Amino acid sequence: MGISIEKAVVARIVKGNQRFEILVDPKKALELKKGRTIPIEEILAYPAIYKNARTAEQASLQDLQNFFGTTDVYQIAERIIKEGQVQLTAEQRKELIEQKKLQIASLISKRSINPQTNTPHPVQRILKVMEEVGVKIDPFQDAEQQIDRVVKEIRKVLPLRFEKVTLRIKVGPQYCGKVYSILRNFGEIKNENWLQDGSYQVEIEMLAGIQDELFEKLAKLTQGNFESSVIKREEI
């Protein structure tokens, strides 16, 4: 059973010069927009497509056919939710923005370093600076598409450098299989050799900001029995 009309919010899409609106459950509509499978009947407050939901003026069947290629209310409603905009409650919007902020800050932390220390900035430090400079986050835009803009703003107060490094890693032969599976998830393996003493030596090109994460994994796997060195550093 769908949500009551009194508790529903508007989802809309604009096609050409026409606006199409539906009344939906805000939580379930957002879940569907994120990719969850939810029956559209459970999301709609009322099975109708409106030109203006507030005045209850319904869209004509001809307009529906022209713009959506069908007059099926449920098919159209699903497209409106997935392709259009869903009004959010204040709580939902705040939660989505915080999630997106964390995602963006994590990506920046992994991809950049503090040029003063040659180590990554902690995620919480980046989040704090984002708050200080008043970065605006779009809860629906992909995090990747917002990174350049966010970096430009936080660089006003936070030193950032984006670079990649080529590391040379050496481990004992008993670890080579597991080490290889870890390394390939961190970057591009450029060269690998088995040395005369049976040790495995590999060169990997990767983002400088995720070195510490790699070293933690290697230390855990080898009980600290590995060697590493930077053989090339390049700003990107």
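Me: Why is Q223 called exposed?

Reply: Exposed is the word for a relative accessible area over 50%, buried for one under 20%, and partly exposed for what lies in between, with a 1.4 Å probe and protein chains only. Q223 has a relative accessible area of 57%, so it is exposed. This is a predicted model, in which local features need pLDDT of at least 70 and side-chain atom pairs count only at pLDDT 80 or more, while totals for chains, interfaces and linings use all residues. Residues are numbered from 1 along each chain as its sequence is written, and side-chain values use heavy atoms, with hydrogens and water left out.

Me: Where is Q223, and what is its phi?

Reply: Q223 belongs to the loop between helix 9 and strand 10 (226–235). Its phi is positive, about 55°, although Q223 is not a glycine. Helices (H or I, at least four residues) and strands (E, at least two) are DSSP runs, numbered from the N terminus.

Me: What makes A56 partly exposed?

Reply: The relative accessible area of A56 is 49%, so A56 counts as partly exposed. A56 sits in the loop between strand 3 (50–52) and strand 4 (57–58). A56 is not a glycine, yet has a positive phi of about 65°.

Me: Why is S112 called buried?

Reply: S112 has 0% relative accessibility and therefore counts as buried. S112 is part of strand 6 (residues 112–113).

Me: Which residues does S112 touch, and how far is S112 from F162?

Reply: Contact means heavy atoms within 4.5 Å. Not counting residues up to four places away in sequence, S112 touches P120, L160, R161, F162 and G209. S112 and F162 are 50 residues apart in sequence, and their C-alpha atoms are 4.4 Å apart in space.

Me: Is R79 buried, partly exposed or exposed, and what makes it so?

Reply: R79 has a relative accessible area of 29%, so it is partly exposed. R79 lies in helix 4 (residues 73–83). Leaving aside neighbours within four places in sequence, R79 is in contact with K15, F68 and G84. R79 and V135 are 56 residues apart in sequence and 31 Å apart in space, C-alpha to C-alpha.

Me: How do you know that the length of helix 7 agrees with its number of residues?

Reply: The expected span of a helix is 1.5 Å times one less than its number of residues. Helix 7 (residues 143–154) has twelve residues and should therefore span 16 Å; its end C-alpha atoms are 15 Å apart, which agrees.

Me: Which residues of helix 7 are buried, and what puts them on the same side?

Reply: The buried residues of helix 7 are A143, Q146, I147, V150, V151, E153 and I154. They cover an arc of only 155° around the axis, which puts them on the same side of helix 7. The arc is that of the directions from the helix axis to the C-beta atoms. These buried residues pack against helix 5, helix 6 (123–132) and strand 7. Q145, D148 and K152 are exposed residues on the face of helix 7 turned away from its buried side.

Me: What are the buried residues of helix 8, and why are they said to line one face?

Reply: In helix 8 (residues 176–183), the buried residues are C176, V179, I182 and L183. Seen down the axis of helix 8, they fall within an arc of 125°, so they line one face of the helix. They pack against strand 7 (161–171), strand 8 (187–194), strand 9 (200–207) and helix 9.

Me: What is meant by a pocket, and what is the volume of the largest pocket?

Reply: On a 1 Å grid over the protein atoms alone, a cavity is a set of points where a 1.4 Å probe fits but cannot get out, whereas a pocket is an open set with protein on both sides within 12 Å along at least five of seven lines; lining residues have an atom within 4 Å of a point. Grid points are joined across faces, edges and corners, and a volume is the space filled by probe spheres set on the points. The largest pocket has a volume of about 190 Å³.

Me: Which residues line the largest pocket?

Reply: The lining consists of P26, K27, L30, E31, K34, T89, E91, Q92, E95 and L96. Helix 1 (26–34) and helix 5 (90–111) are the elements that give two or more residues to this lining. The largest share, five residues, comes from helix 1.
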